[in-house]
Amino acid sequence: MSMIADFYGGKSILITGATGFLGKVLMEKLFRTSPDLRVIYILVRPKAGQTLQQRVFQILNSKLFEKVKEVCPNVHEKIRAISADLNQNDFAISKEDMQELLSYTNIIFHCAATVRFDDHLRHAVQLNVTATQQLLLMASQMPNLEAFIHISTAFSNCNLKHIDEVIYPCPVEPKKIIDSMEWLDDAIIDEITPKLIGDRPNTYTYTKALGEMVVQQESGKLNIAIIRPSIVGATWQEPFPGWVDNINGPTGLIVAAGKGFLRSIRATPMAVADLIPADIVVNLTLAVGWYTAVHRWIQVLATFEKIPLERAFRRPKAEFTTNNVTTQYWNAVSHRAPAIIYDFYLRLTGRKPRMTKLMNRLLRTLSMLEYFINRSWEWSTYNTEMLMSKLSPEDQRVFNFDVRQLNWLEYIENYVLGVKKYLLKEDMAGIPEAKQHLRRLRNIHYLFNTALFLIAWRLLIARSQVARNVWFFIVSFCYKFLSYFRASSTLKV
């Protein structure tokens with residue numbers, strides 16, 4: 001019998017961010033391994049034209065929960081959706097719902113966050129810092145709470161080369177940042193943002209670091225743990241390989257490359273992609289929740305794995321270059337120019353142009369990822385390794401988070417197929433046709449670049465005597481070589 005699965009039996013669990021990718025995988029695992037849990041509370045933001053019950057039905061109706069319905073047929077009765085908005089004070093939760101949460105919650109998994117790299121600092125602070133502070137305040141009023149698990153990111157301290165499993169202080173106290181966001185206008189915030197984030201690349205990593213400090217300062221006597229996953233990708237094994245439902249992180253690159261939109265990215269060929277499957281993160285999270293509650297543990301854990309970019313993108317869907325000028329040129333030529341031409345074709349045929357807008361958005365996303373694509377970090381994982389050693393053989397099997405067992409080539413292949421099947425909802429029988437489509441796009445790409453080179457060279461010859469001399473020399477050399485080759489062949493005959 002799994003001690004971890006047994007621990008969650010009969011428990012009332014609160015999950016923030018349950019409608020997100022990681023939150024859904026976490027819920028699925030809980031219901032599948034501990035179907036006798038009492039209830040899972042999920043905070044759901046009201047959506048126009050859709051009730052909370054409809055939102056829950058939409059989540060449960062996905063393929064992700066097919067196995068859950070077999071082991072827990074009444075799963076819909078064990079999800080309690082609570083109307084909440086993390087942008088509001090007290091999350092805009094009603095008094096009745098708040099009282100229920102305070103009275104019955106045993107475990108909190110705080111997964112909610114904004115993961116947008118270019119988010120405005122005010123909004124990022126609200127979701128990643130202030131909301132964490134308010135949730136901790138709620139947790140301090142829960143008499144039956146056993147553990148508070150906060151999901152952070154391995155990149156919260158990406159300004160450091162080596163990152164230990166400790167909480168690093170930020171130059172400005174989180175409370176001062178929170179207070180200043182309430183009265184500063186947007187123009188002033190925009191002006192001071194670069195100074196506040198310092199050598200971090202964006203507001204996301206900065207506010208996640210602030211969130212960790214808040215957890216440390218506001219936890220009081222709570223049993224807490226912070227988990228720092230790296231880039232969360234599709235599932236490895238559970239409930240089945242390759243499940244993913246959003247285009248964040250590497251998924252967007254896979255879609256763009258697979259559809260032929262993305263031909264090159266600026267990256268160091270031997271850089272590593274710090275990628276971790278979602279089910280490994282969830283298994284670690286549930287193990288940490290159990291250990292934190294039972295042993296009253298207060299720790300920080302990191303989970304990640306390194307895969308060389310050249311292995312992750314072994315197919316000719318991406319080319320790597322470290323030259324900034326070359327990259328900017330090929331972004332303009334290989335990406336934007338064909339997009340403009342295609343939009344011109346759409347206009348001529350009476351359709352709405354969309355490719356240029358899509359390509360600009362893709363290139364903007366790539367520019368935000370460059371910081372992470374061109375750097376590597378070292379993380380300490382002593383706490384993670386210690387926890388693994390504390391698990392029983394059965395728990396190590398059911399809640400496996402040992403990334404050393406992962407076959408990366410097989411995982412990446414399942415990842416790509418999962419994107420096609422679960423995210424894009426395309427027929428797997430169409431793979432041969434998709435490959436043929438990619439070959440056509442590749443040939444068009446080569447033809448376009450060749451034509452562009454010839455046009456540029458022709459213009460250069462027309463304007464430069466040096467270029468003409470070089471051209472005549474090349475043509476003369478090729479003619480003499482062919483003549484020599486032909487003469488040699490005749491003599492041999």
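These legends describe close-up views of a predicted model.

**View 1. Trp290 and Tyr291 form an aromatic pair.** The structure holds 17 aromatic pairs. In the pair of Trp290 and Tyr291, the ring centres lie 5.7 Å apart. The angle between the planes is 65°, and the pair is edge-to-face. Both Trp290 and Tyr291 are buried.

**View 2. Trp408 and Tyr411 pair within helix α17.** Helix α17 covers residues 408-423. Trp408 and Tyr411 sit three residues apart in it, about one turn of the helix. Their ring centres are 5.4 Å apart. Their planes meet at 85°, so the pair is edge-to-face, because planes over 60 degrees apart count that way. Trp408 has a relative accessible area of 8% and is therefore buried, since the cut-off is under 20%. Tyr411 is buried too, at 1% relative accessibility.

**View 3. Ring pairs build a cluster.** Phe117, Phe155, Tyr204 and Tyr371 belong to this cluster.

**View 4. Residues 444-461 form a helical span.** This span is 100% helix and 0% strand. Its end C-alpha atoms lie 25 Å apart. An unreviewed UniProt entry places the feature "transmembrane region" at residues 444-461. The entry also places this feature at residues 470-487.

Definitions and conventions:
Residues are numbered from 1 along each chain as its sequence is written. This is a predicted model: local features need pLDDT of at least 70, side-chain atom pairs count only at pLDDT 80 or more; totals for chains, interfaces and linings use all residues. Side-chain values use heavy atoms; hydrogens and water are left out. UniProt positions are given in the numbering used here, feature names are shortened, and annotations may be inferred rather than shown by experiment. Helices (H or I, at least four residues) and strands (E, at least two) are DSSP runs, numbered from the N terminus. Rings of Phe, Tyr and Trp (its six-membered ring) pair if their centres lie within 6.5 Å; planes under 30 degrees apart count as stacked, over 60 as edge-to-face and the rest as tilted. Buried means under 20% relative accessible area, exposed over 50%, partly exposed in between (1.4 Å probe, protein chains only).
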